[in-house]
Structures are given as C-alpha cells and as structure tokens.
Amino acid sequence: MSGPHTPSEDSATDVVRWAAFSCVLVPVVLLWYGTSLAGATGTALGLAAVTAVCRVLLRQSERGATRLRQEERHGPSPRRRGRHHRTGTGAHRGGRHTGGNTPVG
C-alpha cells in the first residue's frame with residue numbers, strides 16, 4: 001500500500017502478523033507436549049484458514065471505512081448511487097398500476 005497508514009491499518013497488520021506467528025507456534029508447542037504430527041498439522045491448517053478469513057474480513061472493513069471517510073469528506077460518488085437512489089421517476093420499473101379496466105373480485 002502506498003501513502004500514509006492509519007492506526008487501524010497498522011493494528012490490523014499487527015493482528016495478522018500475530019495470528020501467523022501463532023499458526024507456527026501452536027503446532028510446535030503441541031508437538032513438544034506429545035501430540036501427533038497429524039494433529040499438529042491439522043491444527044496448523046485450521047489456524048491458517050481462520051487467519052486467512054480474518055485477514056480478508058479486516059481488509060474489507062478497512063476499505064469500507066476508507067470509503068465512508070471519503071464520502072463524508074466529498075459526498076457520495078455519482079457512479080455508486082445505491083439501491084434507493086436511482087434516477088428517473090420509477091414508472092418504467094413495473095409495479096402496480098391503478099385505474100383502467102381491472103376486474104375486482
């Protein structure tokens with residue numbers, strides 16, 4: 001990443017580093033205390049999977065927070081209107097039509 005880092009980005013990076021360190025440390029400790037190699041390997045793979053998912057979620061959260069800060073400073077981006085901010089009157093989107101010869105009953 002280029003540019004200045006915010007404290008939240010640095011703390012997220014630190015969390016991921018500690019998690020990666022634990023992915024190595026925990027299986028070593030398990031082996032030291034007599035757990036089988038298969039058990040320690042399974043634990044390492046499980047921790048690595050959880051770490052990867054957490055890293056992805058942290059990055060998404062950082063991007064969302066950055067986008068929110070930019071919108072607060074500069075207003076919403078015109079290309080990303082969202083679901084309820086479409087242009088037009090809405091007459092061409094279907095829905096109920098009133099009037100006419102609709103039978104009741």
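Helices (H or I, at least four residues) and strands (E, at least two) are DSSP runs, numbered from the N terminus. This is a predicted model in which local features need pLDDT of at least 70 and side-chain atom pairs count only at pLDDT 80 or more, while totals for chains, interfaces and linings use all residues. Residues are numbered from 1 along each chain as its sequence is written, and side-chain values use heavy atoms, with hydrogens and water left out.

**View 1. The annotated segment, residues 15-33.** A UniProt record (unreviewed entry) gives these residues the feature "transmembrane region"; such annotations may be inferred rather than shown by experiment. In the model, residues 15-33 are 95% helix and 0% strand.

**View 2. Threonine 51 in helix α2.** Helix α2 covers residues 37-74 and includes threonine 51. Threonine 51 counts as buried because its relative accessibility is 15%, and buried means under 20% relative accessible area (exposed is over 50%, partly exposed in between; 1.4 Å probe, protein chains only).

**View 3. The surroundings of threonine 51.** A polar atom of the threonine 51 side chain lies 2.7 Å from the backbone oxygen of leucine 47. Leaving aside residues up to four places away in sequence, threonine 51 touches Val16, Ala19, Ala20 and Cys23; contact means heavy atoms within 4.5 Å.

**View 4. The whole protein chain, for orientation.** The chain has two helices and zero strands. Of its 105 residues, 8% count as buried. Among contacts with a separation of 6 or more, 57% join residues 24 or more positions apart.

Methods. A polar contact is a pair of N or O atoms within 3.5 Å; within protein, one must be able to donate a hydrogen and the other to accept it, and residues adjacent in sequence count only if both atoms are side-chain atoms.
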